[in-house]
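Trainee: Please take one part of this model and look at it closely. Then place that part against the rest of the chain, and state the cut-offs as you go.

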Amino acid sequence: MTTYTVAPRQIPFDKSWDVIVVGGGPSGCTTAAAAAREGARVLLVEQTGNLGGMGTSALVPAWTPFSDKKDLVYRGLAERVFNAAKKGMAHVKPTDMDWVPIDAERLKRVYDELVTEYGVTVLFHTMLSGVDTDGSGRVKALLLTNKAGLTAVSANVYVDCTGDADLSAWAGAEFHKGDDSGNPANLMPTTHCFVLSNVDDYAFNNGPGMHAANANSPHHNIVKSGKYPDVPDVHMCPSFVGPGTMGFNAGHVYAVDSTDPMSVSKAMMTGRKTAAAFRDGLAEFYPQAFGNSFLVQTGAMLGVRESRRIVGNYVLTLEDYVARRTFDDEICRNSYFIDVHAKVREAFNDVKAAHKWEETTFRYGVGESHGIPYRCLTPKGLTNVLVAGRSISAEQIVQGSVRVMPCCLAMGEAAGIAAAHAAKLPTNDVHAVDVQNLRKRLKEEGAYIK
């Protein structure tokens, strides 16, 4: 690719912020809210027109479990968001904690209310376009692009909640991506979620179901028929998100690099074809439930499971996960199983392989969880930057567990409090935050840590 030199010019510069959070997904929302609750002046930058990320724009239809099969694990602001999202969903009990469906429109408003209550300023339809540093690990300013053109903003502390560690990587932080081969085929596949309406609830609830390990499930027959080549595999996680309305986390789009705009653009088109093919296949092979169904919507964002992972002051390991480890500086706990999606479609079309995957995937027993240390949120080599969300410092296999929304909500609250505290330090050094004071504040706000 050839290069183009941009002529020097003056652009508007806003330096009135204590903390700037980039990315308005689950971790970004709780980061911004928690930082503002601590008294910081907070700007939240979001590239779409709403908050929530995977649970809203990407249409992921259900929360992964909030419990350890006994008690709620993700508490504080995470619990608040979860409970508020459940209200108004007549088919969801207030006591439900695991695999609870998501009403995406309701969840958008829940996040809006959360951040505005604490006085966060939100910029929608705004892209991070560049990161300016002092060359020694300190971020000086961010370049943003929106309808106002190119502008610059600065703060004492920045929190990277982009999901792809864009801010950190562009600031010079060390990171890993997949197995570091550079081959997108070695990243977990993505999914383009979608919604079908006019589904017969009764027929579905009294039918064969759609479990991956059941060879007689309708979606297996769709793939085996060969009539729907745009249905790539038998991955299927449906949830009723409303009356006669079912959200689907179904199928995969393989070999996608979410940090490559061309790769994502092609994947979005592929995903839309997959959604339409699933609807048609389900109408044929499960007509009782889906014969009159209608494809209402596909996600405005791709459901991305894996991209960059920063190298922090600590790397969470598989050994930590297996040992159910507790840390002196832990800022939340996690009990989700290691959910690593196969990188090739054949694995999701083999019933025996599906059974083996279910049996050998790392799963916790009742009441079990592990801690996530604050050091996983602090990128090595960067002074005034924190990371929250799926890009924290962890081994690739463990990222398959900590990447999910409940965990991101909990991490975000810790990152927000820490960012506000670092913003008050003379050096704004996130590595110098009093972690025990951070943990004290988390406990005061209801967080579950040991």
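**A loop residue and its setting**

Mentor: Ala165 sits in the loop that runs between β6 (149-160) and α4 (166-170). Helices here are DSSP runs of H or I with at least four residues, strands are runs of E with at least two, and both are numbered from the N terminus. The model is predicted, so local features need pLDDT of at least 70 and side-chain atom pairs count only at pLDDT 80 or more, while totals for chains, interfaces and linings use all residues. Residues are numbered from 1 along each chain as its sequence is written, and side-chain values use heavy atoms, with hydrogens and water left out.

The backbone of Ala165 has a phi near 55°, a positive value in a residue other than glycine. Ala165 is also buried, because its relative accessibility is 1%; buried means under 20% relative accessible area, exposed means over 50%, and partly exposed is in between, with a 1.4 Å probe and protein chains only. Asp180 is another non-glycine residue with positive phi, about 70°. Asp180 belongs to the loop between β7 (175-177) and β8 (194-197), and with a relative accessible area of 46% Asp180 is partly exposed.

A further loop position is Ser258, between β10 (245-250) and α7 (261-285). Its relative accessible area is 14%, so Ser258 counts as buried. Apart from neighbours within four places in sequence, Ser258 is in contact (heavy atoms within 4.5 Å) with Asp164, Val264, Val304, Glu306, Ser307 and Arg390.

His370, in strand β14 (residues 370-373), is buried at 1% relative accessibility. Its partners beyond four places in sequence include Asp320, Tyr321, Cys332, Arg333 and Val402. Ile449 comes in the segment after α13 (435-444) and is buried at 10%. Ile449 touches Glu330, Ile331, Cys332, Arg333, Arg439, Leu442 and Lys443, not counting residues up to four places away.

Next, the nonpolar cores, defined as sets of buried Ala, Val, Leu, Ile, Met, Phe, Trp, Tyr and Cys residues joined through side-chain atoms within 4.5 Å. The largest has 85 residues, and Val19, Val42, Trp63, Ile331, Ile372 and Tyr374 touch the most other members. Helix α12 (residues 405-423) gives this core its largest share, 14 residues. A second, separate core of 21 residues includes Val231, Met236, Met246 and Phe278. Beyond four places in sequence, contacts of Trp63 include Val81, Phe82, Trp99, Met405 and Leu409.

For the whole chain, the count is 13 helices and 15 strands. The radius of gyration is 22 Å, close to the 22 Å of the globule rule for 450 residues, so the chain is as compact as a globular protein of that length. That radius is taken over C-alpha atoms, and the rule is 2.2 Å times the number of residues to the power 0.38. Buried residues make up 57% of the 450. Of contacts between residues at least 6 apart in sequence, 75% join residues at least 24 apart.
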